Amino acid sequence: MTPLSAPRTAIIIVAAGSGTRLDGGGPKAFVEIEGRTILRHALEGVSAAQPMQVVVVVPTGFEDVAADELRSALGERVDLGSVVVGGSTRQDSVAAGLAALTDHIGIVLVHDAARALTPAALIDAVAAAVTTDAGVIPALAIVDTLKRVDGDAVIEAVDRSVLAAAQTPQGFPRATLEAAYGRAATSGEEYTDDAALFAAAGGAVRRIPGAERAFKITTPSDLERARMLLSTPSAPRIGVGTDVHAFGGEGNLWLAGLEWPGQQPLSGHSDGDAVAHAMVDALLGAAGLGDIGQHFGTAHPEYAGVHADVFLARTAHLLAEAGFAIGNVSVQFQGNRPRFSARRAEAEGVLSAALGGAPVTVSATTTDGLGFTGRGEGIAVTAVALVIPRG
Ligand code: CTP
Ligand code: MG
């Protein structure tokens, strides 16, 4: 029986080519850009798409390194991944990938590892557009004027409006694709891509819009283009967090990561440190990771009574896992007490250290006797965080 969670879609990533034109000192998929292999970049796109079976096809001898890449990229989806050895042509490599599909797969995407920067959205769009009777390819309009040539002689212009540049992933109904591959194996015919092989067996193929970032890394200048795209920093993101706690209970106040002897504490699930809590919300919000209640709420009793350092270190870890560096956090609290300025530097040092060194600035203000903070009933905090997506 098919497990409920088993995906019906698979993606075969062909990475078994030698990369002759790139001339990168080894198989192309294992050449690095910005510290990661071309294969790994391709897998990052796949892991950000809907869950699907992932079959990576590699040259002999690269099974283990590919398996490591697959594990790192898929994370908790690792069970969906496998590695097989390819053949001497791309078509043979795809055929090796087809042989590794699990029973319940109905839709197969075939993707070049060399299209390393392909966005996850394109992978999902292709998968969604495949029907039981037609394959789908992403294709870009051609912008250059095209000429038919003979040596250095220009013969005529070619109408580009009837042409499109095909990319991958290309998606197909599994049974029809397997039948088409069987037919090609019998005839010995080599096709330029899977859509051509599929069409030669009588299959219909439709196109959807391609993506500029799905270009194929073929030559050293393509590699340079990919390097430039990856090294351009993404826009930083900001987040805001607020928190309010009433004074109440026994013991000492904990605020801004410090204990304040002789000051009445703030009430709350944990130590009531509203400065730390607002910072957590600002950071999670900036990274799009939800809010403090989701990660540290009453459903997580292990956080009852812990101090700012634990919350903030855990938050910094969540952001790092999601690929964000922390730029800085600025916090202000409103309250009549504690008198803050004498311990400002100490508080900023503790909070910054808990975030792994990102700058934290804290200021305090009173509200001219107005509102609950002015009446000394509690503290209100606002925090703003800036985070920077990596690569
Ligand atoms: N491919 C493959 N098995 C082959 C040949 C190619 O899996 N026998 C894969 C490549 O790894 C690549 C994709 O098919 O991801 C597209 O092929 P191409 O860009 O031509 O890569 P290479 O064949 O490696 O490069 P070259 O033609 O320059 O040698
Ligand atoms: Mg090739």
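This is a predicted model: local features need pLDDT of at least 70, side-chain atom pairs count only at pLDDT 80 or more; totals for chains, interfaces and linings use all residues.
Figure 1. For Ser18, a backbone N or O atom is 3.1 Å from an oxygen atom of the ligand. Lys28 contributes through its side chain, an N or O atom of which is 2.7 Å from a ligand oxygen atom. The protein buries 87% of the 570 Å² that ligand 1 exposes when taken alone (Shrake-Rupley method, 1.4 Å probe). A polar contact is a pair of N or O atoms within 3.5 Å. Local features need pLDDT of at least 70 and side-chain atom pairs count only at pLDDT 80 or more, whereas totals for chains, interfaces and linings use all residues. Residues are numbered from 1 along each chain as its sequence is written, chains are lettered from A and ligands numbered from 1 in the order in which they are written, and side-chain values use heavy atoms, without hydrogens and water.

Figure 2. Ligand 1 is surrounded by 18 residues, the closest being Val14, Thr20, Lys28, Ser93 and Lys216 (a heavy atom within 4 Å). The shell comprises 5 nonpolar, 8 polar and 5 charged residues, with Asp, Glu, Lys and Arg counted as charged and Gly among the polar ones. The ligand takes the space of the second largest pocket. A pocket is an open set of points on a 1 Å grid over the protein atoms alone, with protein on both sides within 12 Å along at least five of seven lines; a molecule sits in it if more than half of its atoms lie within 2 Å of its grid points.

Figure 3. Most residues other than glycine have a negative phi, and most peptide bonds are trans. The peptide bond from Thr168 to Pro169 is cis, with omega near 5°; Pro169 lies in the loop between β10 (164-166) and β11 (170-173). Arg337 and Pro338 are likewise joined by a cis peptide bond, with omega about 5°. Glu34, which is not a glycine, has a positive phi of about 50°.

Methods. A polar contact is a pair of N or O atoms within 3.5 Å; within protein, one must be able to donate a hydrogen and the other to accept it, and residues adjacent in sequence count only if both atoms are side-chain atoms. On a 1 Å grid over the protein atoms alone, a cavity is a set of points where a 1.4 Å probe fits but cannot get out, and a pocket is an open set with protein on both sides within 12 Å along at least five of seven lines; lining residues have an atom within 4 Å of a point. Helices (H or I, at least four residues) and strands (E, at least two) are DSSP runs, numbered from the N terminus.
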